[in-house]
Amino acid sequence: MADPASLSTDPHIQTVDPRTGEPLSEATPAATIIVFRDAEDGGAPELLMVERSSQMVFAGGAVVFPGGRVDPDDHLLAARIDHGLDLDDAAARIASIRETIEETGLGIGFAQTPEREALAAARAAMHAGAVFSTLCRDAGWQFDLSALTPFARCRPLYNERRVFDTRFYLARC
């Protein structure tokens, strides 16, 4: 278990499992984008959600916003670009962009939206094991991380087998 003092110095952040009194275990950094667009009829915004494969270990079959864990490559990309953000926040935004491409084929968070065919090719390449930073470099894609607005952050207050510290971002499509 992680030392509670290393988890946070913010007195508003809980560092102990309320069920057991044990220090909270370290959580895996993750990120998701809540993609929305205005409804054509002027009604409530439409949200994009995806259904996870029922074969997945975590939340199999659940309907969720696109997203997933922050990978080391997301941190490498964040360190290479000028964004003016905290490095962990920038890496999380990049992870949510990558995951949205992998799960939906949508290119959110780029300075110039990539062509649909290029996104489909990148999606297929990532499914085959390609590294996102390499795909971005080869395609000449530049990020606009300001297109993602921080909305919420959630880290469950219990020690479970899999715990994610998830940053949620809003993005208009």
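This is a predicted model: local features need pLDDT of at least 70, side-chain atom pairs count only at pLDDT 80 or more; totals for chains, interfaces and linings use all residues.
## The nonpolar core

The largest nonpolar core holds 27 residues, and those that touch the most other members are Ile33, Ile94, Ile97, Ile101, Phe110, Phe132 and Phe143. Two or more residues come from each of strand S1 (28–37), helix H2 (72–80), H3, H4, helix H5 (132–139) and strand S7 (164–172). Among these elements, H3 gives the most to the core, with seven residues.

## Helices H3 and H4

Helix H3 spans residues 87–104 and helix H4 spans residues 116–127, and their axes come within 8 Å of each other while crossing at roughly 95°. Because angles of 65 to 115 degrees count as roughly perpendicular, H3 and H4 are described as roughly perpendicular to each other.

On the H3 side, the contact is made by Arg98, Ile101, Glu102, Glu103 and Thr104, and on the H4 side by Leu119, Arg123, Met126 and His127. Sorted by class, the contact of H3 with H4 has four charged, three nonpolar and two polar residues. Ile101 of H3, which takes part in this contact, is also one of the residues that touch the most other members of the largest nonpolar core.

Within H2, the buried residues are Asp73, Asp74, Leu77 and Ala78. These residues cover an arc of only 140° around the axis, and they therefore lie on the same side of H2. Strand S5 (67–69), H3 and H5 are included in what covers them. Pro72, Ala79 and Arg80, by contrast, are exposed on the other side of H2.

## Two buried arginines

Arg52 lies in the loop between strand S3 (50–51) and strand S4 (63–64). With a relative accessible area of 18%, Arg52 is buried, since buried means under 20%. Arg52 and Pro66 are 14 residues apart in sequence, and their C-alpha atoms are 9.4 Å apart in space.

Arg167 belongs to strand S7 and is likewise buried, with a relative accessible area of 16%. Leaving aside neighbours within four places in sequence, the residues in contact with Arg167 include Asp86, Asp88 and Asp89, as well as Ala30, Ala31, Thr32 and Arg153. Leu76 is 91 residues from Arg167 along the chain, and the C-alpha atoms of the two are separated by 18 Å.

Technical notes. Residues are numbered from 1 along each chain as its sequence is written. Side-chain values use heavy atoms; hydrogens and water are left out. Axes are lines fitted to C-alpha atoms, for helices over the stretch in contact, and angles run from 0 to 180 degrees between N-to-C directions. Helices (H or I, at least four residues) and strands (E, at least two) are DSSP runs, numbered from the N terminus. Angles under 35 degrees count as roughly parallel, over 145 as roughly antiparallel, 65 to 115 as roughly perpendicular and the rest as oblique. Contact means heavy atoms within 4.5 Å. Ala, Val, Leu, Ile, Met, Phe, Trp, Tyr, Cys and Pro count as nonpolar, Asp, Glu, Lys and Arg as charged, and the others, Gly among them, as polar. A nonpolar core is a set of buried Ala, Val, Leu, Ile, Met, Phe, Trp, Tyr and Cys residues joined through side-chain atoms within 4.5 Å. Buried means under 20% relative accessible area, exposed over 50%, partly exposed in between (1.4 Å probe, protein chains only). The arc is that of the directions from the helix axis to the C-beta atoms.
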